Amino acid sequence: MRRQVFAFSGVLEPRPGERGNRPLLEHLLALGAARRAEPGPVRLCYLPTAVGDDPAAVSAYERVLGGREDVVLSVLALFPRPSLPDLRTHLLTQDVVLVEGGSVVNLMAVWRAHGLTTLLRECWEAGVVLAGPSAGSLCWHVGGPTDAWSERLAPFTEGLGLVPHSNAVHDDLTDLPRRAAYRQMVAAGELPGGYATEDGVGLYYLGTALAETVTARRGARAWRVDPDGEGGFLERPLVPRQL
């Protein structure tokens, strides 16, 4: 089976003429359709754990995907208890598992309590496309910078580690010193080398290797960042394919 992860930085503030995250979602659905052995709608399970199963987040995806004939949308909520009776059977029959952004720290804690860390690795091995923005991007990696503990960015290293890299999302956002903080964490050895994505950019992994970068926003970039061995860092820009 092709082990696949599509991790992206969502477009937080669409510019005039932009379609927001729609191109990224369409690309994700295409990946889900491609892994099917037979034609049919893409089976997509949405996990809003990182926002505490916020009904507003669920409603947003139901509006976007719920009425489509080419998608069978399901939602796995974990508060106050799992909304599905057999998590393993359900998740392993999906084409795509889409994880919402939010608090990656709370996300991983709840997943571990419910055994989802082991189950999602099994899904990955079975070829289910694992995806998500923000915390839903960090979680598949070793970790990355997060403000989930406080208003300051700190290194998080308790991700699933399906891909053995760190990840920084919203690399161009100016609310916090994200770009500088990530590179400093890599330089100091607090995070392993990895990939940073600006808003609208997605990382597509086959196995543990980066196969492609794509973008929903013209001009947005991704970066490979590694320690230089002397207390600093090296960065290499990647040019994403425009969706």
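Residues are numbered from 1 along each chain as its sequence is written. In this predicted model, local features need pLDDT of at least 70 and side-chain atom pairs count only at pLDDT 80 or more, while totals for chains, interfaces and linings use all residues; side-chain values use heavy atoms, without hydrogens and water.

**Exercise 1.** State the strand order of the open sheet of 4 strands, and find its edge strands.

Solution. 
1. The order is β8-β9-β12-β13, and the pairing is mixed. Strands are DSSP runs of E, at least two residues long, and helices are runs of H or I of at least four, both numbered from the N terminus. Two strands pair if DSSP finds at least two bridges between them.
2. β8 (166-168) and β13 (233-238) each pair on one side only, which makes them the edge strands.
3. Strand β12 (residues 222-227) runs antiparallel to β13, joined by 6 bridges. Val 225 is opposite Glu 235 of β13.

**Exercise 2.** Determine which residues of helix α2 (residues 55-65) are buried, and what they pack against.

Solution. 
1. Ala 57, Val 58, Tyr 61 and Leu 65 are buried (under 20% relative accessible area; exposed is over 50%, partly exposed in between, with a 1.4 Å probe and protein chains only).
2. These residues lie on the same side of α2, because they cover an arc of only 100° around the axis (taken from the directions from the helix axis to the C-beta atoms).
3. The face turned away from that side carries the exposed residues Pro 55, Ala 56 and Arg 63.
4. The buried residues pack against α1 (22-34), β2 (42-47), β3 (71-75) and β4 (96-99), where contact means heavy atoms within 4.5 Å.
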